[in-house]
Amino acid sequence: MENFHFSLPKFLFLLLLLIISDQIHICSAAAAAAARTHRSPARIRTNTEYVRTSCSATSYPRLCYNSLSVYAGKIKTNPKTLALAALHVNLASARSTAVAMRRLAKTRGLRRRDASAISDCIEEVGDSVFELQRAIRELCRPRVYDFGALISDIETWVSSALTDEETCMEGFGGRSVNNRFSVKAKVRRHIVRVAHLTSNSLALINTYASSAAAAQGVLP
């Protein structure tokens, strides 16, 4: 049962919304053109339902919808823009997790085993941040690039990010976490959420690739 919610302090949430909206606008010509159309209530409902329907094909649909529905006005019904928004939310979460890991590493009284696992996680999440950045950069490439190779590269980067996150989780696997305030519990909450976002990003990238193929290679 999913119980992960998209929650940030209000000022950080607003900053994230602004940054992601700007990046979506820059990287997607379709989104920029669509933004000039009249935003009727019916259109807003359509955009929101598009996000909901697209998220239903992911492994964690509630997390997907909660994290992306706020960008429905930018996403419209564009699968590329949806994938791009998912990656930006994913990247922001990975960066936040990296900061949290470094903070947890300074916890007093850490057992050597836990300290070592957190140290490994810091490196793995750092790799994940780099790989998600590369995926976003690839998705923003102009259309002149070979689409099949482009999608393959993006999927490779996102899959690598997911592998790094799962490796971090494995470092805390096999040990009971009875205290939800323990360092181990906090690490798992952070890394599980970002791994679920990465899984969703990969699913939405695959949806975009399929929709482009169905349109006989015509990119949105």
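Guide: Start at Thr198, which is buried at a relative accessible area of 0%. Buried means under 20% relative accessible area, with a 1.4 Å probe and protein chains only. The model is predicted: local features need pLDDT of at least 70, side-chain atom pairs count only at pLDDT 80 or more, and totals for chains, interfaces and linings use all residues. Residues are numbered from 1 along each chain as its sequence is written, and side-chain values use heavy atoms, without hydrogens and water.

Thr198 sits in helix H9, residues 183–214. Helices here are DSSP runs of H or I, at least four residues long, numbered from the N terminus. The Thr198 side chain makes a polar contact with the side chain of Glu165, at 2.8 Å. Such a contact is a pair of N or O atoms within 3.5 Å; within protein, one must be able to donate a hydrogen and the other to accept it, and residues adjacent in sequence count only if both atoms are side-chain atoms. Beyond four places in sequence, Thr198 touches Asn90, Val158, Ala161, Leu162 and Glu165. Contact means heavy atoms within 4.5 Å.

Val158 leads on to the largest nonpolar core, of 38 residues, where it is among those with the most contacts, along with Leu87, Leu139, Ile154, Val187 and Ile191. A nonpolar core is a set of buried Ala, Val, Leu, Ile, Met, Phe, Trp, Tyr and Cys residues joined through side-chain atoms within 4.5 Å. H6, H7 (112–139), H8 (147–170) and H9 each give two or more residues to this core. H9 gives the most, 11.

Key:
Buried means under 20% relative accessible area, exposed over 50%, partly exposed in between (1.4 Å probe, protein chains only).
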